[in-house]
Amino acid sequence: MRSFLPLLALTCLCACGGDQTPEEAAPNAAVAEETPAPTPAPTAPATPVPSSDTPTPSPAATSSTAGRVSRYTSLSDCRVVRSTPDEAGFSESSCPGLGEYRLKLVEADGRQNLLLVSGGREHNLRLSSVTSGGFSELGKRIEWRGREQDGSFRPDALILRYDVVENFDQPTRPTSYLLPVSLERTPCLSAKIRPGAGQNDRARAAADGPGKCL
């Protein structure tokens with residue numbers, strides 16, 4: 001009887017476990033092998049950060065110069081209308097202009113000045129008033145700034161080159177200014193641009209600006 005009981009227990013154990021497959025013994029492992037790994041969500045590309053070295057154009061600066069152009073006349077085309085050499089070398093010349101303007105070049109005592117003539121009126125620019133008052137000479141080319149309207153150029157500013165002797169020990173080395181002139185309302189000097197990098201661009205920016213008198 002004692003030898004029969006262990007044999008009966010062993011028989012029961014074999015009957016209960018002998019029919020299971022490895023997959024049935026570990027169902028969780030089988031599911032894990034058949035389930036595909038989740039696909040990672042696509043990562044949005046990073047937005048490039050603008051470089052601090054790249055300037056951003058100013059809308060105001062862009063609109064202020066849009067459509068503006070330059071035209072030129074020459075003081076070499078002037079015609080002397082009055083001259084009194086005995087009076088400090090005084091001379092007065094009539095020069096071509098643009099739009100409704102013509103120019104009058106006046107020279108006396110080694111200094112030059114410019115007047116604008118429009119509608120029968122003369123507007124004295126008094127160029128020496130914004131410099132040291134030393135001997136002076138205007139550049140030969142006058143730059144006019146404005147817009148093309150109805151097929152014609154309408155200036156509202158001009159730019160003069162004005163060479164002034166500020167160091168009398170070096171009369172052959174004048175300071176070369178650019179002088180923007182506003183033609184809005186009463187013509188007047190609107191800026192004095194000293195020599196340096198970008199002098200022409202700075203003068204045009206001033207000429208295209210509000211046009212306030214100095």
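Trainee: Why is D150 called exposed?

Mentor: Exposed means a relative accessible area over 50%, buried means under 20%, and partly exposed lies in between, using a 1.4 Å probe and protein chains only. D150 has a relative accessibility of 76%, so D150 counts as exposed. Keep in mind that this is a predicted model: local features need pLDDT of at least 70, side-chain atom pairs count only at pLDDT 80 or more, and totals for chains, interfaces and linings use all residues. Residues are numbered from 1 along each chain as its sequence is written, and side-chain values use heavy atoms, with hydrogens and water left out.

Trainee: Where is D150 found, and what is the value of its phi?

Mentor: D150 sits in the loop between β8 and β9. Strands here are DSSP runs of E with at least two residues, helices are runs of H or I with at least four, and both are numbered from the N terminus. The phi of D150 is near 55°, a positive value in a residue other than glycine. R185 also has a positive phi, of about 55°, although it is not a glycine. You will find R185 in the loop between β10 and β11, and its relative accessible area of 70% makes R185 exposed.

Trainee: How many helices and strands are there in the chain?

Mentor: The chain has 5 helices and 11 strands. Of its 214 residues, 31% count as buried.

Trainee: Let me try a helix residue. Is Q199 buried or exposed, and why?

Mentor: Q199 has a relative accessible area of 10%, so Q199 is buried. It is found in helix α5, which covers residues 199–207. Leaving aside residues up to four places away in sequence, Q199 touches R161, S176, Y177, L178, I193 and R194. Touching here means a contact, with heavy atoms within 4.5 Å.

Trainee: What makes a set of residues a nonpolar core?

Mentor: The members must be buried Ala, Val, Leu, Ile, Met, Phe, Trp, Tyr or Cys residues, joined through side-chain atoms within 4.5 Å. The largest one here has 23 residues, and L127 and L160 touch the most other members. Two or more residues come from each of β4, β5, β8, β9 and β10, with β9 giving the largest share, 5 residues. A second, separate core of 7 residues includes L178, A191, I193 and A203.

Trainee: Why is the pair of F135 and F168 given its type, and which type is it?

Mentor: Rings of Phe, Tyr and Trp (its six-membered ring) pair if their centres lie within 6.5 Å; planes under 30 degrees apart are stacked, over 60 edge-to-face, and the rest tilted. The ring centres of F135 and F168 are 6.2 Å apart and their planes meet at 85°, so this is an edge-to-face pair. The pair links distant parts of the chain, 33 residues apart, with F135 in the loop between β6 and β7 and F168 in the loop between β9 and β10. F135 is partly exposed at 38% relative accessibility, whereas F168 is exposed at 55%.

Trainee: How do you know that R141 lies over the face of Y72?

Mentor: A charge sits over a ring if NZ of Lys or CZ of Arg is within 6 Å of the ring centre and within 35 degrees of the ring normal. R141 lies over the face of Y72 at 4.1 Å from the ring centre.

Trainee: What makes the meeting of E143 and R204 a salt bridge?

Mentor: The rule asks for a side-chain nitrogen of Lys or Arg within 4 Å of a carboxyl oxygen of Asp or Glu. For E143 and R204 the N to O distance is 2.7 Å, and the two side chains meet in a salt bridge. E143 is buried at 10% relative accessibility, while R204 is partly exposed at 24%. Salt bridges that share partners also join R68, R145, D156 and D208 into one network.

Trainee: How many salt bridges does the rule give?

Mentor: The count comes to 10. Another of them joins the side chains of E92 and K104, at 3.4 Å from N to O. Both partners are buried: E92 has a relative accessible area of 11%, and K104 has 13%.
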